[in-house]
Amino acid sequence: MTEFFTVKRIDNSRVVRIAAPRRLRECARLVGLAALLATGVLLYAWQHFQCIQMSYQLEELKAARAQAMEFNQELRLEVAGLRSPMRIDAIARHQLGLTAPVPGQVAPMQTPGGPILAQARRSSPPAAQ
Amino acid sequence: MDWRSPRVRLLIVAATVLFWMVAAVSRLAYLQLFCYGDYLNRAERQQHRIVEISPHRGILYDRNMHELAMSVSVDSFFAVPSEITDHDMVARLLSRVLDTTPDDISTKLAGSANFVWLARKLPPEKAERIKEMNLHGIYPVKERQRFYPKHQLASHILGYVDIDEKGLGGIEYSLDSQIRGRPGRMMVLADAHRRWFDSSEKGAEAGSNVVLTLDQNIQYIAEKELSQAIRDTHSIAGTILVEDSSSGEVLAMANYPTFDPNSRGDASSDARMNRAVAALYEPGSVFKIVTLAAALEEGITTPDEVVDCQMGAIYVEGHRIRDHKPFGLLTVSQILAKSSDVGAIKLGLRLGAPKLYDYIRGFGFGAPTGIDLPGESRGLLRPLDHWTVVSPASISMGQEVGVTAIQLISAMNSIANGGVWVRPHVLRGYGKNDQLVSTGQVESRRVIQPTTAATLRSMLEGVVLEGTAPAARLEGYTAAGKTGTAQKIDPSTGRYSPTKFIASFVGFSPINNPAVTILVTLDSPVGLHEGGDVSAPVFKRVAEQVLAYLNVPQDEPVNPGLKRAGYQPKSTALEADSSDFDPGQFESSTAPADIVSPPQQHHVAQTRPPTLALADGEVVTLPPLTGLTVREVSQQCARLGVSPVLIGTGVALEEVPEAGTTIRRGSRVTVRFGRQAPPMRTTPSGERKN
């Protein structure tokens, strides 16, 4: 007996899958929650490491400040040494040829008081341009 | 069950994922919950470090906030010998830098496996050389070191510290607890690369800064002149003190020998001794100011009373005491001016031992002054019940009593200050950062009345004008003081030495409104040895410079010849060529001995024209004020432009300076009032200088 083999062609291309809105909403909610959770974790981690970075920077700034203060102290010490009366006296005498004034050679100036001086300055004519 | 069905496959994958998730979470839970403590401890051990913080020692300033002593960080080096592979090589390399032998360093390295000091507080250049070597096992550490940038300036007041910055002398010692500060600890978190990422300080406290009453420029003037005087007189030691007459603030305290606190190890104990407060000596004739002050205050004599000085010899209880010169009849003013021992003895005997003792204690002798420096001696004054029959006589002329320089200048200062003894002090204030707290009111007490003090000031001027100290006469200023020449005790014989003397001069200027009191003492001058010959000229040089520096108005005209010399045209031959001047090349180690002191008034080489025209100040002649009321006296003084000091009520009985005296505007005039009519008075002997 002869058998006939038939192929049934099934074309499902025109089949439209019916969307399940509830399912989609559930899925979207799930994804959103997961994203939120992930963002929170990432944010926490970022802050934590940012804090550590800033701690490093803070310590570097503290060290720089301490170094600057120490350098300032060294400079003050150097200035104090340069301002030594002995040194200045020797420079004045030996290098510049200066000598101490004799008594009476230098007289202190007697300047008028503040208000009087201010009034004198205000009443004096301005300098010509 | 069909293993190939999608459902089963999904279940297998899910089960696998679930298994790994459970494993991971379990591991996390185990680590976080059960092993938390253990890992926390390990982290702390690795990250936590404790750094010791050395306290910042406070800065010492002069009164104008110039730094006199301060600390900075310097490098010290230590070794961890267990980390060094080749000890010999390291020792060889370091020995060249540290100026020591390799064996020394090898011995140190062999001493411990973990820590050994190699060198502490090295100069920067040596520290840099060691750092450049980059030797494994050798580590730098910062330590604080004290520096005194002005070297030996005020060294006896500042003091010095040891290698651990502990005060050992001077203010560094007496205020060590305030200046030192408190060490602290810093808790540090470090990562694997030893970078710090967190730190917190605990307990560290910086030391207080201290402001002294010293003026570094006046101190330098005093040290320079002392050094010059020592060289000129070949003395073995000396002291110059400068004090503010009204407040008792010590503006300068110079001692010789001196030392550099930066290298205190090179100085002998003799050089480090603060002679101004610790060295005792018999004051000699300077002490007559106490005798005469007491006699005048008690009213048992007057400046014009004539005393027979018995041609230079007096017998006291069978003991013959000789004067330095045979004087006949002298007024009490002349006794002081010419420094008659016999005259002083007669006044001392008239006063009596108990009263003399009271005034000696009143003037601050026999007890420490309380100055804020360590090692002060209380002086030598026997209790009254230990006095012999000769003691009042001896003590009246300045023997049988030991004083310190600070006691002597404080006593003279009482006279300059209107009769009030003020505690001498070097501390002006202290505090942290810019918050400085003043030390507050200084102890004072009245010793003699203002009129007595004013009378004494006039008499002391006589010492300079016509007495034993003409060399103390100042140009442009009035001055008063007293000389003293005391024999030293020869330790080998226990008797007074005929060749060793202490030459002193203590004085103040100007006399009507004293600005500064100055003491000069020279120990064992060779050749000339009288106070008037060797110490008075030093007083003059110091006083003229200090008064000009302080801008104290002159109250005397300057010698016209001196002024003319100052106006001479500049000689080009003497003009210094400063075209190659480079301040950076100057070495700051020039000793004061190399500095030339200002020229004497008769050897003026001044060639530079003045920058200001000299203006003579206004002077007024004091009219008689006796018999006037308080209001009338005030009006007269206001008209004259002088400053009255009014004592008592009623009518004016006495004025100092006396009527007819020429004084400068702004000077002080002391007027005593009372209820009775003034007695008839004779004019004083000796003309007042115009």
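1. Start with the distance across chain B: the centres of domain 1 and domain 4 of chain B, taken over C-alpha atoms, are 110 Å apart. Chain B is split into domain 1 (6-34), domain 2 (51-210), domain 3 (216-258 + 279-569) and domain 4 (619-674). Those bounds come from an automatic or database domain assignment.

2. A word on what you're looking at. This is a predicted model, where local features need pLDDT of at least 70 and side-chain atom pairs count only at pLDDT 80 or more, while totals for chains, interfaces and linings use all residues. Residues are numbered from 1 along each chain as its sequence is written, and chains are lettered from A and ligands numbered from 1 in the order in which they are written.

3. On confidence, the complex gets an ipTM of 0.72 and a pTM of 0.76 from the predictor. Chain B has a mean pLDDT (the predictor's confidence in each residue, from 0 to 100) of 85, and 89% of its residues reach 70 or more. Residues 570-616 of chain B have pLDDT below 50, and this stretch has 69 contacts in the model beyond near neighbours in sequence. Here two residues are in contact if their C-beta atoms, placed from the backbone, lie within 7 Å. Residues 678-690 of chain B also stay under 50 in pLDDT, with 14 contacts beyond four places in sequence. Where pLDDT is low, the predicted coordinates should not be read in detail.

4. Now the make-up of the two chains. Chain B has 21 helices and 28 strands, while chain A has three helices and zero strands and reads α-α-α along its sequence. Helices (H or I, at least four residues) and strands (E, at least two) are DSSP runs, numbered from the N terminus. Of the 690 residues of chain B, 43% count as buried; for the 129 residues of chain A, the figure is 9%. A residue is buried if 20 or more other C-beta atoms lie within 10 Å of its own, exposed if 12 or fewer, and partly exposed in between, with C-beta atoms placed from the backbone. As for contacts in chain B between residues at least 6 apart in sequence, 72% join residues at least 24 apart.

5. Have a look at helix α1 (residues 6-34) of chain B, which holds A14(B). A14(B) is exposed, because it has 10 other C-beta atoms within 10 Å.

6. Helix α12 (residues 288-297) of chain B is another story: ten of its ten residues are buried, so α12(B) is largely enclosed by the rest of the structure. The buried set includes K288(B) and E297(B). Just after α12(B), G299(B) takes a positive phi of about 75°.

7. What does α12(B) pack against? One partner is helix α17 (residues 405-416) of chain B, at an angle of about 40° and with the axes 10 Å apart. The axes are lines fitted to C-alpha atoms, for helices over the stretch in contact, and angles run from 0 to 180 degrees between N-to-C directions. The crossing of α12(B) and α17(B) is left-handed, meaning that the near helix is turned anticlockwise from the far one by less than a right angle. I289(B), V290(B) and A293(B) from α12(B) meet A411(B), M412(B) and I415(B) from α17(B). The contact residues are six nonpolar, no polar and no charged.

8. In chain A, check helix α2 (residues 85-95), whose buried residues are P85(A), M86(A), R87(A), D89(A) and A90(A). They pack against α1 (21-82) of chain A together with α9 (216-233) of chain B. Just after α2(A), G97(A) has a positive phi of about 70°.

9. Some backbone details in the loops of chain B deserve a look. A cis peptide bond joins Y256(B) and P257(B), with omega about 5°, and P257(B) is in the loop between β12 (250-256) and α10 (269-272). The bond from V656(B) to P657(B) is cis too, with omega near 0°.

10. Finally, E400(B) has a positive phi near 65° though it is a residue other than glycine; E400(B) is partly exposed, with 19 other C-beta atoms within 10 Å. N551(B), also not a glycine, has a positive phi of about 60° and counts as exposed, because it has 11 C-beta neighbours inside 10 Å.

Key: Nonpolar A, V, L, I, M, F, W, Y, C, P; charged D, E, K, R; others polar.
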